[in-house]
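I opened the model to look up its fold and its helix packing. My notes follow the order in which I checked things.

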Amino acid sequence: MRVWIIGADDGAIRAIEQLRKNDEITIVVSAPLERPKAVTAGVLDRVDYVERVSHVNINDLARRIHPDLILIDPAAVAREYARLAAGMA
């Protein structure tokens with residue numbers, strides 16, 4: 001199974017730790033920064049895709065990554081929607 005995790009903050013760190021318990025799961029992580037919290041905390045060596053994921057480009061990224069499951073870190077959602085006016089969200 002291939003799991004794509006969008007964002008690499010606290011929620012993603014907990015998910016990565018749990019998903020690594022199963023050897024049949026491949027984890028792909030995308031984040032808008034090269035060194036998000038999961039990298040600085042030592043949970044990840046690096047982020048697989050350094051890109052900002054939004055409603056505009058998520059389909060293109062999913063076609064590249066081919067995930068079976070997509071998990072979104074709540075901090076990534078909050079960061080993305082913090083830039084939008086309420087009507088646009």
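Which residues of H1 are buried? I took buried as under 20% relative accessible area, exposed as over 50% and partly exposed as in between, with a 1.4 Å probe and protein chains only. By that cut-off, Ala12, Ile13, Ile16 and Leu19 are the buried residues of H1. Viewed down the axis of H1, these residues fall within an arc of 135°, so they line one face of the helix. The arc is that of the directions from the helix axis to the C-beta atoms. On the face turned away from the buried side, I found the exposed residues Arg14 and Gln18.

Basis of the entries. This is a predicted model, in which local features need pLDDT of at least 70 and side-chain atom pairs count only at pLDDT 80 or more, while totals for chains, interfaces and linings use all residues. Residues are numbered from 1 along each chain as its sequence is written, and side-chain values use heavy atoms, with hydrogens and water left out.

Elements. I used DSSP runs numbered from the N terminus: helices are H or I of at least four residues, and strands are E of at least two. The protein chain has four helices and four strands, and from the N terminus on they run β-α-β-α-β-α-β-α.

Sheet. I counted two strands as paired if DSSP finds at least two bridges between them. The four strands form an open sheet in the order S3-S2-S1-S4, with parallel pairing. S3 and S4 are the edge strands, each pairing on one side only.

Next I went through the pairs. S1 (residues 2–6) is joined to S2 (residues 26–31) by five bridges; in this pair Arg2 stands opposite Thr26 and Trp4 opposite Val28. S1 also pairs with S4 over four bridges, where Ile5 stands opposite Leu71. S2 and S3 (residues 49–50) share two bridges, and there Ala31 stands opposite Val50. I noted S1 as mostly covered, since four of its five residues are buried.

Crossover. S1, H1 (residues 10–19) and S2 make a right-handed β-α-β unit. Right-handed here means that, with the strands pointing away from the viewer, the path from the first strand over the helix to the second runs clockwise.

I took contact as heavy atoms within 4.5 Å. Axes are lines fitted to C-alpha atoms, for helices over the stretch in contact, and angles run from 0 to 180 degrees between N-to-C directions. H1 packs on the sheet, touching S1, S2 and S4, and its direction makes about 165° with that of S1. The cover over the buried residues of H1 includes S1, S2, H2 (37–40) and S4 (69–72). H3 (residues 58–65) lies across S1, S2 and S3, running at about 145° to S1.

Totals. Of the 89 residues in the protein chain, 35% are buried. Among contacts between residues at least 6 apart in sequence, I read that 55% join residues at least 24 apart.
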